[in-house]
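Here are my notes for you on this one. Keep the viewer open and look up each residue as you read.

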Amino acid sequence: MNKLEVLKTALTAREEEIAGYQINIDNYTLAIKQIEEKNTTDSDIDVALREFSLQLQTLLQQHIVEQAKTQVIYDVIQKQVEELESVA
């Protein structure tokens, strides 16, 4: 495998990683919204779900940051691919 092939493989892996983060971001966002809309009592279950929502909010922020980091690496790999392809 040459450098270009390795970079293209890495690019595909980063695309999948970005998509995975996006799926989690969407899921967490929707779950937080659902919990906020449906759990308004002081029952033990609703209290537990609101605590879960706080955990999801933390995870949401972490995944947003990790997706942004992965996007930076994706962009760098993409630039290297473009440079190698322009020379070839």
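Where is the place of Val72? Val72 sits in helix 2, and I'll come back to Val72 in point 6.

Before we start: this is a predicted model, where local features need pLDDT of at least 70, side-chain atom pairs count only at pLDDT 80 or more, and totals for chains, interfaces and linings use all residues. Residues are numbered from 1 along each chain as its sequence is written, and side-chain values use heavy atoms, with hydrogens and water left out.

1. Start with helix 1, which covers residues 3–38. (Helices are DSSP runs of H or I with at least four residues, numbered from the N terminus.) Helix 1 has 36 residues and spans 52 Å from its first C-alpha to its last, close to the 52 Å expected at 1.5 Å a residue. That expected span is 1.5 Å times one less than the number of residues. At the start of helix 1, a side-chain oxygen of Asn2 comes to within 3.1 Å of the backbone nitrogen of Leu4.

2. Thr70 counts as buried because its relative accessibility is 7%. Leaving out residues up to four places away in sequence, Thr70 touches Arg14, Glu17, Ile18 and Tyr21. (Contact means heavy atoms within 4.5 Å.)

3. How many salt bridges does the structure hold? There are 4. (A salt bridge is a side-chain nitrogen of Lys or Arg within 4 Å of a carboxyl oxygen of Asp or Glu.) One of them joins Glu17 to Arg14, with the closest N and O atoms 3.1 Å apart. Both residues lie in helix 1, 3 residues apart, about one turn of the helix. Glu17 is partly exposed, because its relative accessibility is 28%, and Arg14 is partly exposed with a relative accessible area of 28%.

4. Two further salt bridges deserve a look. Glu66 and Lys69 meet at 3.0 Å, N to O. These two are separated by about one helical turn because they are 3 residues apart in helix 2. Glu66 is partly exposed at 30% relative accessibility, and Lys69 is partly exposed at 46%. Arg50 pairs with Asp42, the closest N and O atoms being 3.7 Å apart. Here Arg50 is partly exposed at 29% relative accessibility, whereas Asp42 counts as exposed at 70%.

5. Back to Val72, as promised. Val72 is partly exposed, because its relative accessibility is 48%. Val72, Ile73 and Val76 form a nonpolar patch on the surface, with about 240 Å² of accessible area together. (Patches are made of residues with over 30% relative accessible area and no salt bridge; like charges are joined within 9 Å, and nonpolar side chains, meaning Val, Leu, Ile, Met, Phe, Trp and Tyr, within 5 Å. The areas come from the Shrake-Rupley method with a 1.4 Å probe, and for residues only the protein chains shown count as cover.)

6. Last, find Glu83 in helix 2, which runs over residues 44–87. Glu83 is partly exposed at 43% relative accessibility. The C-alpha atoms of Glu83 and Leu4 are separated by 9.6 Å, although the two residues are 79 residues apart along the chain.

Definitions and conventions. Buried < 20%, exposed > 50% of the residue type's maximum accessible area, 1.4 Å probe, protein only. Polar contact = N/O pair within 3.5 Å; in protein donor to acceptor, adjacent residues only side chain to side chain.
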